[in-house]
Amino acid sequence: MRFDEEEIFASDDSIDGTTERRTFRREEMTACESCGRLSPPTRMTCLYCGASLPVPPTGADLRRPALKSLEEGERGFNVVLLPREAEEETRDSERPNPRGDARVEAASLVRVGPEQLNEMLASSVPLPLARTGDRAEVALLERRLAELGLHIEIVSDDDLAIEADPPRRVRRIEFGEDSVMGWGGAGVESWRAAWSDLVMIVAGRIYRRRIEVDERVKRNAAGEVVDARELIDDEAVIDLYFAQVRAGWRIMSEGFDYSCLGAHKGLLAAKNFARLVETLRARATRSVFDDSYKRVRHLLQFAWSPAEHTESSGLRHTAPGRFLTGAVTRVSNDAQFTRYGRLLSHYARRKREQR
């Protein structure tokens with residue numbers, strides 16, 4: 001594929017429709033120091049060779065981050081929008097609430113709609129605006145969003161550590177006077193933690209979607225879909241975060257031993273799960289309970305989209321000369337919910353340490 005520099009002088013870097021089409025003169029273009037060709041001043045990398053571009057002569061404010069999706073397991077940085085504290089809203093703040101035009105500009109930088117950014121600003125929880133592995137993009141977003149009046153902070157994936165320290169699945173717990181003990185299953189390691197060390201309880205739901213497609217194999221032609229199935233399930237979940245344990249404990253509503261409820265144990269898992277949450281909250285009086293995930297889940301997808309994996313289910317012989325090939329796609333918000341809980345606990349621990 002060949003690019004023509006004349007064609008990109010009229011450049012449109014808008015992906016989400018939040019910015020208008022911009023036209024640039026040749027003298028406004030940025031010359032690549034590696035290949036010497038011209039790119040629009042909105043770009044941070046060369047359109048042709050991918051090398052980092054110098055700051056354009058028209059200034060750095062025109063630059064827009066690409067915000068490319070990271071591969072699974074690739075580390076990055078999360079640009080987090082922090083909520084305005086209640087006490088800040090009652091006095092003149094050094095960070096004024098951004099005006100409408102500033103909000104539109106900020107939304108275009110992080111590739112979200114102005115309406116979604118307004119929802120984020122109105123929420124009472126920290127939310128990720130963007131995730132990128134490019135340090136230059138991180139620096140640009142940190143500077144520009146602050147200039148536009150947003151209270152943001154950069155949190156690295158290493159700080160959240162969902163791959164390095166995955167949640168500890170707990171299937172049975174035992175209440176003590178001063179502590180709680182959890183087991184992952186029969187014959188596995190147990191963990192004990194003091195009630196006073198329980199910093200946060202994060203509630204939500206884990207959604208799973210499985211799509212199976214079978215295609216008939218044809219010679220010299222595209223396959224014909226002969227069958228498709230879709231299975232969807234969801235399950236209530238809570239993550240418990242402690243002062244000294246970054247991984248936290250995960251309790252799923254299904255497959256959990258509710259014997260710890262004693263005489264309050266019922267027949268239905270949903271009711272038992274609700275009673276378990278109530279008991280934990282009553283005993284962990286210093287902890288913070290947060291069930292905002294369901295309310296803000298649609299705002300997390302811009303930075304943390306649900307994980308999706310597709311794999312082949314192999315070739316099957318169905319009749320003489322006839323074969324079927326299949327593919328299975330799995331979609332889950334497991335990692336998204338984990339990131340959100342880790343982010344909330346990150347700030348909850350900090351707040352506790354500052355008291």
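**Exercise 1.** Determine which residues of helix 8 are buried, and how they are arranged around its axis.

*Solution.* In this predicted model, local features need pLDDT of at least 70, side-chain atom pairs count only at pLDDT 80 or more, and totals for chains, interfaces and linings use all residues. Residues are numbered from 1 along each chain as its sequence is written, and side-chain values use heavy atoms, with hydrogens and water left out. Helices (H or I, at least four residues) and strands (E, at least two) are DSSP runs, numbered from the N terminus. Helix 8 spans residues 293-300, and its buried residues (under 20% relative accessible area, 1.4 Å probe, protein chains only) are Tyr 293, Val 296, Leu 299 and Leu 300. Seen down the helix axis, these buried residues fall within an arc of 110 degrees, taken from the directions from the axis to the C-beta atoms, so they line one face of helix 8.

**Exercise 2.** Describe the aromatic pair of Trp 191 and Trp 249.

*Solution.* Rings of Phe, Tyr and Trp (its six-membered ring) pair if their centres lie within 6.5 Å, and planes under 30 degrees apart count as stacked, over 60 as edge-to-face and the rest as tilted. The whole structure holds six such pairs. For Trp 191 and Trp 249 the centres are 6.4 Å apart and the planes stand at 45 degrees, so this pair is tilted. Trp 191 belongs to strand 11 and Trp 249 to strand 14, so the pair ties together parts that are 58 residues apart in sequence. Both Trp 191 and Trp 249 are buried, and together with Phe 242 they form one aromatic cluster.

Conventions. Buried means under 20% relative accessible area, exposed over 50%, partly exposed in between (1.4 Å probe, protein chains only).
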